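Let's go through this one by asking where each label comes from. Each answer puts a value next to a cut-off and then draws the conclusion.

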Number of protein chains: 2
Amino acid sequence: MNPRLFSFLAGPHGAWRITRISSVVGEILPPAPYLELVAGEVAHPAASTPPFLPAPADAGWRLRGVVSNERYVTRDEKTELVAKQEGLGRAEASCAALIPIRKNAAWWAMTQDERRRLFEEQSKHIRIGLPFLPAIARRLHHCRDLPTPEPFDFLTWFEYAPADAPAFEELVRQLRATPEWTYVEREVDVRLERVV
Amino acid sequence: MNPRLFSFLAGPHGAWRITRISSVVGEILPPAPYLELVAGEVAHPAASTPPFLPAPADAGWRLRGVVSNERYVTRDEKTELVAKQEGLGRAEASCAALIPIRKNAAWWAMTQDERRRLFEEQSKHIRIGLPFLPAIARRLHHCRDLPTPEPFDFLTWFEYAPADAPAFEELVRQLRATPEWTYVEREVDVRLERVV
């Protein structure tokens, strides 16, 4: 198994309780009570259902993605990020968000310099995020180049303490107002609380 | 299936006859008589062998990769490439090369600006290739972010007419002499001729 592959399994069990699922743009994800974040590959919760029976409505869903090399950040930006950011799994970070995003064909038809210009010079994606470090930890997973067609291009997982919940709202509000976000054709916002 | 996924299946059958397999750096691939280039996923040629029997030595091998968005090319470079390049499958292009490459950890630890600088400003990867268009057609497949650990990061497939074989030798000679190539830790060179 690729050690950079992670699966997000929503269903009847999990270390995170799903408190809210909302659609920002496009089709929403089905409701589910819990989510498990698993290193590696896991079967879809409905996979054991024989194919001649429809999966039960509460069978949940599975998303997966691979942590990859960084696509836009420069060395100077990376130095600034690394100096401030913290990792996942902090004891106090009992709030989480899973934000799956799909960008449109116009985004993917752009060349690297065009995408970088929109991402940072015009939208200040990295610049917007910096003041929210180290409070908000994040990990980005790529799905677009998996062998199976995936419903999203990216899955971003965020962790923060309850006291930083207003800051997180402000972060997503600012990002969604950027020119980069006009290329987002599907975005779901899943909020969670750690069970234990 | 992801429509950008392609499998390279070496074994007893295929539309391309393998004329030579050589190692440029690192471990070579096993010998095989033919290669099939297939859209989508295919089983490994030894997959039907029960696990309690070792796969026969001539069972062949399978590599797969996904055509992705471009990672380095700028709009100006892309315009120049598109004006000159031709696609795969030309009747006269009965020669092919499959060149699987793995880059080292130092390459992948670099940020985007550092990789771009090495790729083009220092190594002139795009600039070196341009004079060989349209004679040599190519398609790049990415493997590093597949769910399974893959032996290579990239698979590049080239097609050209027999008369352009010396030009192809010159192209790979020039690329292998660049600073970018000091980050290549495994490279195999598979040459082929179309059967029909």
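Q: What makes two aromatic rings a pair here?
A: Rings of Phe, Tyr and Trp (its six-membered ring) pair if their centres lie within 6.5 Å. In this predicted model, ring pairs link A:Tyr72, A:Trp107, A:Phe119 and A:Tyr183 into a cluster. Over all chains the structure holds 16 aromatic pairs.

Q: Why is the pair A:Tyr160 and A:Phe168 called stacked?
A: Check the centres, then the planes. The ring centres are 4.7 Å apart, and the cut-off for a pair is 6.5 Å. The planes sit at 15°, while stacked asks for under 30 degrees, so the pair is stacked. Both A:Tyr160 and A:Phe168 are buried as well.

Q: What puts the charged end of A:Arg144 over the ring of A:Trp108?
A: The charged end of A:Arg144 is 4.2 Å from the centre of that ring, and the limit is 6 Å, together with an angle within 35 degrees of the ring normal. Chain B has its own case: the charged end of B:Arg144 sits over the ring of B:Trp108, 4.2 Å from its centre.

Q: How do you know which kind of axis relates chain A to chain B?
A: Superposing chain A on chain B takes a rotation of 180° with 0.0 Å of shift along the axis, and the RMSD is 0.0 Å. That is the relation of a two-fold axis. In chain A, the C-alpha nearest the axis belongs to A:Leu146, 2.9 Å from it.

Q: How do you know that the copies meet through the same surface?
A: Compare the interface residues: 100% of those in chain A are also interface residues in chain B, so the copies meet through the same surface.

Q: What makes B:Asp145 buried, and what does its side chain contact?
A: B:Asp145 has a relative accessible area of 15%, and buried means under 20%, so B:Asp145 is buried. Its place is the loop between β6 (137-142) and β7 (154-160) of chain B. The side chain of B:Asp145 makes a polar contact with the side chain of A:Arg4 at 2.9 Å, against a limit of 3.5 Å. Leaving aside neighbours within four places in sequence, B:Asp145 is in contact with residues including A:Asn2, A:Val66, A:Ser68, A:Arg71 and A:Leu146.

Q: Why is A:Arg191 called buried?
A: The relative accessible area of A:Arg191 is 7% and the cut-off is under 20%, so buried is the label. A:Arg191 belongs to strand β8 (residues 184-194) of chain A. Its side chain makes a polar contact with the side chain of A:Glu169, at 2.6 Å. A:Arg191 also touches A:Tyr160 and A:Phe168, among others.

Q: What makes B:Val196 exposed?
A: Exposed needs over 50%, and B:Val196 has a relative accessible area of 81%, so B:Val196 is exposed. B:Val196 is in the segment after β8 (184-194) of chain B. Its C-alpha and that of B:Arg17 are 179 residues apart along the chain and separated by 9.7 Å.

Q: Why is strand β1 of chain A said to be largely enclosed by the rest of the structure?
A: Of its 7 residues, 7 are buried, so β1 (residues 5-11) of chain A is largely enclosed. Both faces are covered, with A:Leu5, A:Ser7, A:Leu9 and A:Gly11 on one side and A:Phe6, A:Phe8 and A:Ala10 on the other.

Q: How do you know which strands β1(A) pairs with?
A: Pairing takes at least two bridges. β1(A) has 6 bridges to strand β4 (residues 61-66) of chain A, in the antiparallel sense, with A:Phe6 opposite A:Gly65. β1(A) also has 6 antiparallel bridges to strand β3 (residues 34-39) of chain A, where A:Glu36 is the bridge partner of A:Leu9.

Key: Residues numbered from 1 in each chain as written. Chains lettered and ligands numbered in written order. Predicted model: local features only at pLDDT ≥ 70, side-chain atom pairs only at ≥ 80, totals over all residues. Heavy atoms only, no water. Least-squares fit on C-alpha atoms with pLDDT ≥ 70 in both. Contact = heavy atoms within 4.5 Å. Helix = DSSP H or I, 4+ residues; strand = E, 2+ residues; numbered from the N terminus. Buried < 20%, exposed > 50% of the residue type's maximum accessible area, 1.4 Å probe, protein only. Polar contact = N/O pair within 3.5 Å; in protein donor to acceptor, adjacent residues only side chain to side chain. Phe/Tyr/Trp six-rings, centres within 6.5 Å; stacked < 30°, edge-to-face > 60°.
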